[in-house]
Amino acid sequence: RARDRQPARATSPNMRVASVVPAPARIGAHRRASKRASATSKRMVTTFAVNTSAPASERASGSNALLSAIDDLRERIDGLLPTEAKTAAVRASYTASIGLRFAFFLSQGVLTSRSNDERNVDVGAIASAVARVVLNTNESSSSATAPIVRKTMDGGDMSEEQAQEVSEFLEQHMGAIIDVFKRELEFVENGVYKFPYDMDPSTAPAAQWNPLAVAALTRAHQRDQKVVTERRKEKKGQELRETYMADPKRYPDYYLQNFHYQTDGWLSAKSAQLYDFQVETLFLGSADAMRRRALPYIADFMRNRDASTTKHLDVASGTGRFLSFVRDNHPELQSTALELSPHYLEATRKNNARFNGKGGSLRLVEANAEDMPLADEEFDMVTNVYLFHELPRAVRKTVAKEMARVLKPGGKLFFVDSVQIGDGKENGMEGAFELALDRFPAFNHEPYYKDY
């Protein structure tokens, strides 16, 4: 299976783009669609659809009409500007937006740490580290006036050597994240994909820019992190099983985990509401940018293709953030979102409502990726982001077979997941990556991560 990898300098710890995977000309000995259709009614899964292909005049609300007018005005102005001016404007807008994003989520991480664990993060040391990373100085963090942390999460004292090692890792981690942003800016400037809609105040969801909405979400996040911290201290990564009984036809045993020690695992509206905020805090505002690293490959695949006749399946959509960026760049796609959690599937619907009436369609399917209620060779492309590291090995094989089954001959799989051992050699971060790979699963309750 051919791989076409992007430069590793733009890769952050815990993120890997394992590029496009062509489907073989034939996947032998598959069950036919008719057999699967008859079996679907026997499963404990729910399949439902939302058709968003109706004309805008029938569906668009007043707010959608306003956004459409703003888009039209922006396109007209864009057509009048010289190329150099447009590039400078894009660079300034992206830099300002991503700078605010990075600073905001960094401050959330510091606030969470100082409020909920006993590491006593040194804000001055963090500021110095950020300055070195942003200015790209050659000064080592070892010359900083103080390490970023001197205590473990449970309040134990670190040796000077341990404190320095952790501080150097955190600085390298921030540097890798800045590299992700720099690479994305190149993609946007070169027109590989669109300026992310959520980084433009005129098109971003209110929850990201409205001060009241942001403040409410921040308070909810901080309240929940106190509970998460206690759950982490007590290592209660399977608390969910006190409420749910495993059922291989509905919620398998491996699924009933409090991944990341998050409240309710994947099985509540509260979890779906807080998930993206929590992940962005963990990765300092870069989670969406890491997911978008698949977009250049998708752009290559879609070149000279008719989006209106292209069928796309997003496996394990989560809250639908990644799917929304795919559809923003290819609004006429005929998309299907498959997700096991009904709460996260509802979040997918909400996060993709902005594309209603733009020519494409979205079908929502609540089902397990191990046994998709979908026809053989149905899709031109399949996308999958950050699922496999949360699956046991045997289940990963089953899901991979299912994705191959539903792909048309010549179709492609676009796959994003964690870095692997040895990936850091390419950009001088081998030590930092392997430190992350060692500590990440314990800190975040990722029981299948090391095996992956």
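A salt bridge here is a side-chain nitrogen of Lys or Arg within 4 Å of a carboxyl oxygen of Asp or Glu, and by this rule the count comes to 29. The model is predicted, so local features need pLDDT of at least 70 and side-chain atom pairs count only at pLDDT 80 or more, while totals for chains, interfaces and linings use all residues. Residues are numbered from 1 along each chain as its sequence is written, and side-chain values use heavy atoms, with hydrogens and water left out.

Begin by selecting Arg-393 and Asp-451, whose side chains meet in a salt bridge with an N to O distance of 2.8 Å. Arg-393 lies in helix H14 (residues 393-406) and Asp-451 in the segment after H15, so this pair ties together parts that are 58 residues apart in sequence; helices (H or I, at least four residues) and strands (E, at least two) are DSSP runs, numbered from the N terminus. Arg-393 is partly exposed at a relative accessible area of 47%, and Asp-451 is partly exposed at 39%, where buried means under 20%, exposed over 50% and partly exposed in between (1.4 Å probe, protein chains only).

Select Glu-378 and Lys-311 next, a salt bridge of 3.3 Å from N to O. Glu-378 sits in the loop between strand E5 (361-366) and strand E6 (379-385), and Lys-311 in strand E3 (residues 311-315), so the pair joins parts that are 67 residues apart in sequence. Glu-378 is buried at 13%, whereas Lys-311, at 30%, is partly exposed.

Now move to Asp-288 and Arg-321, a salt bridge in which the closest N and O atoms are 2.3 Å apart. This pair links distant parts of the chain, with Asp-288 in helix H10 (residues 287-291) and Arg-321 in helix H12 (residues 321-329), 33 residues apart. Asp-288 counts as buried at 1% relative accessibility, and Arg-321 counts as buried at 10%.

Finally, show helix H6 (residues 160-189) together with helix H15 (residues 430-444), which pack at an angle of about 105 degrees with their axes 10 Å apart. Axes are lines fitted to C-alpha atoms, for helices over the stretch in contact, and angles run from 0 to 180 degrees between N-to-C directions. H6 and H15 are therefore roughly perpendicular to each other (under 35 degrees is roughly parallel, over 145 roughly antiparallel, 65 to 115 roughly perpendicular and the rest oblique). In H6, select Glu-165, Val-166, Phe-169 and Gln-172, which meet Ala-432, Leu-435, Ala-436 and Arg-439 in H15, contact meaning heavy atoms within 4.5 Å.
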